[in-house]
Amino acid sequence: MLFQTGYDRLYAADAAGAARAFRLACAADPASGEAWGALADSTRDAGEAAGALAACGRAVALDPGVWPWRIALAEALRTAGRFEEAVATGRVLTAERPDSATARLGLARALAAVGRREEALEEYREAVALRPGDREAALELAALLVEAGDALGAVELLQPLSRRDPEDADLHAAIGRAWIALQEPAKALTALRRAEGLDSEGRLGCAALIAALEGGAGEDLSAAYVRALFDRYADRFDQDLVGKLGYSAPALLREAVDRLGAASGVGVPERGAPGLRVLDLGCGTGLAGVAFRPLAGHLAGVDLAPRMVEKARARALYDELSVGDVVAALAPAPGSWDLLVAADVLVYLGDLTALFEGAAKALRPAGRFAATVERLDGEAAAPGYALGASRRYAHSEAYLRETAAAAGLTVLLMETCSPRREKGVGVPGLLFIVEKPAA
């Protein structure tokens with residue numbers, strides 16, 4: 001009778017009433033694992049974390065072979081804030097049943113709670129692979145992917161789910177937030193407006209995001225977008241870029257550096273000879289490193305995408321490699337570089353002010369900065385650069401000259417080039433070399 005009352009209350013969404021009935025059942029028969037398990041369910045639903053943990057523990061102690069109670073115990077440990085115990089319990093469960101999506105998901109949540117993000121991502125991916133239709137797991141994984149800088153992965157995960165369930169406001173809102181992280185305002189607005197239309201109570205907070213985007217926020221590219229893009233592209237980068245797109249920026253830059261050095265005889269002593277300290281900004285897989293290694297006594301590289309850096313490291317060309325932002329990479333060692341190289345990298349930056357200022361500080365006297373950009377032709381309106389449909393920036397020659405001059409750099413060379421092809425046609429570009437004044 002007590003069980004029937006408890007389940008009736010539970011099915012009627014009266015978790016507190018169900019918990020009262022199941023407590024009486026446990027008191028009447030303390031050796032009943034079923035009673036303790038039912039009490040654990042009802043107290044959990046009633047928001048009583050401590051009560052749920054105690055009841056789960058008792059149920060498992062009475063009958064450790066019941067899998068759902070053991071799963072519930074791991075969840076109760078996490079809910080009660082005993083995260084390390086939840087992780088340990090989850091490890092045992094997933095070892096016993098590696099094909100259990102529920103166990104994987106519980107372990108993922110516990111790992112995320114203790115800040116072990118990479119391990120959590122691995123378990124979330126396993127859970128989603130085992131149970132592809134689990135929107136809750138997919139939403140949690142997507143949120144963690146955005147936090148980890150892989151918002152593109154979050155979009156790719158959630159879009160198929162949103163197509164299967166186009167009325168799910170949570171999915172559209174999550175996709176919108178991922179597009180914001182990728183600095184795709186138009187796509188973000190589409191998803192967020194859809195979510196807002198489905199979210200009659202406004203619980204998802206889409207209105208404020210929409211207002212910010214409509215006000216012009218999010219127009220620039222972000223580090224998250226670039227990192228996600230190139231981490232996915234790393235394995236086929238060299239083949240596609242060189243083979244399909246005719247990528248020639250490193251070779252063009254090397255030829256220009258050699259030509260200018262031989263012609264001017266001014267600048268870094270023995271320019272063109274081995275021994276220069278060279279920093280490859282946005283090194284990617286190291287294609288520019290191949291071109292500039294013969295000039296370098298010390299060759300360093302930096303790139304936002306960890307997998308691209310791994311590919312560069314495999315070339316065994318660089319003396320130093322790091323994952324990070326190119327502007328930030330200029331700050332740690334002022335006045336220490338003879339040559340900065342940016343081959344087809346500035347297309348992912350709009351405003352180059354901070355980069356030129358950083359270069360001026362990072363270079364030694366008479367040090368040089370050589371780079372390619374996509375060319376913005378015609379009478380370019382302020383600010384002198386524009387984001388194209390390909391999600392790459394183009395810069396005007398006037399903007400490059402003005403920005404370099406404002407940073408105290410002298411333009412030694414500014415010429416047209418075509419650093420790569422697009423749809424079989426050469427992309428219009430500019431190659432420049434600027435110099436820091438000699439001391």
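Predicted model: local features only at pLDDT ≥ 70, side-chain atom pairs only at ≥ 80, totals over all residues.
**View 1. The whole protein.**
The chain has 439 residues, and 48% of them count as buried. Its secondary structure comes to 21 helices and 11 strands. The accessible surface is about 19,700 Å², and carbon and sulfur atoms hold 54% of that area. Now take the contacts with a separation of 6 or more: 60% of them join residues 24 or more positions apart.

**View 2. Ala15 in helix α2.**
Helix α2 covers residues 15–28, and Ala15 is found in it. Is Ala15 buried or exposed? Its relative accessible area is 12%, which is under the 20% cut-off, so Ala15 is buried. Leaving out residues up to four places away in sequence, Ala15 touches Ser42, Asp45 and Ala46. Arg44 lies 29 residues from Ala15 along the chain, yet their C-alpha atoms are separated by 8.3 Å.

**View 3. Helix α3 from end to end.**
Helix α3 runs through residues 33–45 and has 13 residues.

**View 4. The buried residues of α3.**
Which residues of α3 are buried? They are Gly33, Ala35, Trp36, Gly37, Ala38, Leu39, Ala40, Ser42 and Thr43. One of them, Ser42, is also touched by Ala15. An α-helix has 3.6 residues a turn, so residues three or four places apart point the same way.

Definitions and conventions:
Residues numbered from 1 in each chain as written. Heavy atoms only, no water. Helix = DSSP H or I, 4+ residues; strand = E, 2+ residues; numbered from the N terminus. Buried < 20%, exposed > 50% of the residue type's maximum accessible area, 1.4 Å probe, protein only. Contact = heavy atoms within 4.5 Å. Areas by Shrake-Rupley, 256 points an atom, 1.4 Å probe, with all protein chains shown as cover. Expected span 1.5 Å × (residues − 1).
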